[in-house]
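User: I would like to learn how to read a helical model. Please take me through it feature by feature.

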Amino acid sequence: MSSDFETYEQDFGTLTAEITSRIGKIPKLGGDEKKNMVVNVEKQLEEARELLEQMDLEVREIPVQSRGMHSTRLKSYKQELEKLEKDFKRSRIAYSDEVRDELLGDDGNSSASQRAHLLDNAEKLERSSRRLEAGYQIAVETEQVGQEILENLHHDREKIQRSRDRLRETDANLGKSSRILTGMLRSVSLKGLPCSYVKNSTKERMQAVFDTRIIQNRILMFILGVIILFTVVLAIYFSVRGL
């Protein structure tokens, strides 16, 4: 990866040297010759930006422990390109003494303030452009954050909805179990009633039957208690498992 970075680095150095040379020639030119030179420099600046993008991609692929040095060099190249772009903007509206005299004649001195004013306006436009670009970047990042928040809220809503459905299902199961148990208890109570109405010939037999019924009822109540506990445990298990 570092070998590719160094290759891009060499290409960038050669290209910026050519750009610097051509920027210095622009104020000395006029007419179509100047326009052609401006077009060529614009193409070379675009090539330099692409080289920086390639270097940036290469830096991201470099291991973290070796990335610091390359990141510093890339940052300096970006600053160098920004300076070239500023020099290029100034050179487009600047003229050498010979060209200025040819275009303005005796009014060359009086145009100095106009050129300074144009340069000042160009710098203001550049600052405004940078602020707009920064604002646009902030807007994009804010939109991305908002999108992520909406997605998280959507996932949370689905989880809450599933939990609510599970709770409703558990409540329905508990209600059904409660009705079944109530019916079973009612049946047991009805079965226990004849004990008080049985008429036997002897008091001892009557007492024995009564005691037997009591024991049966206790056993049934114990079994019902076990069933209730088992049903509640199952309901809680399926509710937790569904979450």
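Analyst: Start with helices: these are DSSP runs (H or I, at least four residues; strands are E, at least two), numbered from the N terminus. The expected span is 1.5 Å times one less than the number of residues. This is a predicted model: local features need pLDDT of at least 70, side-chain atom pairs count only at pLDDT 80 or more, and totals for chains, interfaces and linings use all residues. Residues are numbered from 1 along each chain as its sequence is written, and side-chain values use heavy atoms, with hydrogens and water left out.

User: How many Å should helix α2 span?

Analyst: Its 31 residues (31–61) should span 45 Å. The end C-alpha atoms are 46 Å apart, which agrees.

User: Which residues of α2 are buried?

Analyst: Buried means under 20% relative accessible area, exposed over 50%, partly exposed in between (1.4 Å probe, protein chains only). An α-helix has 3.6 residues a turn, so residues three or four places apart point the same way. In α2 the buried residues include K34, M37, V38, V41, Q44, L45 and A48.

User: Which aromatic pair does a search of the whole structure find?

Analyst: Rings of Phe, Tyr and Trp (its six-membered ring) pair if their centres lie within 6.5 Å; planes under 30 degrees apart are stacked, over 60 edge-to-face, the rest tilted. The search finds one pair. The ring centres of F12 and Y77 are 5.3 Å apart with planes at 50°, so the pair is tilted. F12 lies in α1 and Y77 in α3, 65 residues apart.

User: Are these two buried or exposed?

Analyst: F12 is buried, at 1% relative accessible area. Y77 is buried too, at 16%.
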